[in-house]
Amino acid sequence: MSLKRKAADLALAESKKPKANGSITSFFGAPKPNPSTSSTNPAKPPTEPAPVTFDKEAWIAKLTDEQKELLKLEIETLHESWLSVLKDEVTSKEFLGLKRFLKAEGEKGSKIFPPMEDVYSWSRHTPLSTVKAVVLGQDPYHNLNQAHGLCFSVRPPTPAPPSLKNIYKALKNDYPDFHPPPNNGGLLTPWSDRGVLLLNTCLTVRAHEANSHSNKGWEKFTQKVIDTVAQRRTKGVVFLAWGRPAQQRVSKINKQKHLVLNSVHPSPLSAHKGFFECGHFKKTNEWLRERYGADGEIDWDLNVKPEDAGV
């Protein structure tokens, strides 16, 4: 596959950050057809479920005043393709408890990463109907100018962290003409815009305190995201699970419908145990090509200027 494209085709520019009272309807797009052209599987591919009929305003009208306050971020920034299928989850007792915890964190002056408007950026870059592959992370980066809602990704001018540099090395093994982001960067929005869901299993963290928001409710929510992908993307998705925690998250995925690729984590502590040679990026594209045809492959190249990548 060609790893270089014109900048205009590289990424869907991220929508402007929503205003306080704005609507995210403009984020929502109809699912794109993904015809299979596999010559090895002549059977008719499964049909994607129709998009969920969702009257957002009617749903909001049924919320209590407290729910509207607690769920303001979800209402305004969670892409409607995701909100339509997660609406019951976000009104659950556990999720509302998580939102009360986050509210208390803010009231006591704790700095939280990523910035609130970026917590659900994964949903806006990768609407449900566009998901081809899922990469799972764990805790968001907890230092300044790092986390922005996509696992492993950092905004410029922050340099790529060690684990991400190891991901680049593995990519280079699969595709020798792979180019990382300019200036030693770590911006992965081009992947998200091409159908790679970059999802941390915990979506927020207290500044400079790793795992400070773990086991507060995010894990149940993001498991629902993973399960939703598996249930609704019936033509098949590739799950890249690096490290035992990620592998546990996808352990119940139907491997007759989807491809699950397991490896050690790309951290410098474990990457030498087989990550560099795992071949996951090429295997992903080989499988997607069989399911969706040549157009189903992912362009893994990252040599994209920030302004062309939605930043």
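Student: In what order do the four strands of the open sheet run?

Tutor: Two strands pair if DSSP finds at least two bridges between them. In this predicted model, the order is β3-β2-β5-β6, with parallel pairing. β3 and β6 (259-263) are the edge strands, each pairing on one side only. From one strand to the next, the twist averages 20 degrees. Strands (E, at least two residues) and helices (H or I, at least four) are DSSP runs numbered from the N terminus.

Student: What should I know about the numbering and the confidence limits?

Tutor: Residues are numbered from 1 along each chain as its sequence is written. Local features need pLDDT of at least 70, side-chain atom pairs count only at pLDDT 80 or more, and totals for chains, interfaces and linings use all residues, while side-chain values use heavy atoms, with hydrogens and water left out.

Student: How many bridges join β2 and β3?

Tutor: Strand β2 (residues 133-137) pairs with β3 in the parallel sense over five bridges. One of the pairs is V134 with L197 of β3.

Student: Are the faces of β3 buried or exposed?

Tutor: In a regular strand the side chains alternate between the two faces of the sheet. Buried means under 20% relative accessible area, exposed over 50%, and partly exposed in between (1.4 Å probe, protein chains only). On β3, V196, L198 and N200 lie on one side and L197 and L199 on the other, and all are buried. Five of the five residues of β3 (residues 196-200) are buried, so the strand is largely enclosed by the rest of the structure.

Student: At what angle do α5 and α10 cross?

Tutor: Two packed helices are described by the angle between their axes and the distance between the axes. Here the axes of α5 (residues 80-90) and α10 (residues 218-232) come within 11 Å and cross at roughly 135 degrees. That makes α5 oblique to α10; angles under 35 degrees count as roughly parallel, over 145 as roughly antiparallel, 65 to 115 as roughly perpendicular and the rest as oblique.

Student: Which residues make the contact?

Tutor: Contact means heavy atoms within 4.5 Å. α5 contributes W82, V85, L86, E89 and V90, and α10 contributes K220, F221, K224, V225, T228, V229 and R232.

Student: Is S163 buried or exposed?

Tutor: S163 lies in helix α8 (residues 162-174). Its relative accessibility is 15%, so S163 counts as buried. Leaving aside neighbours within four places in sequence, S163 is in contact with F152, H265, P266, S267 and P268.

Terms used:
Axes fitted to C-alpha atoms, helices over the stretch in contact; angles between N-to-C directions.
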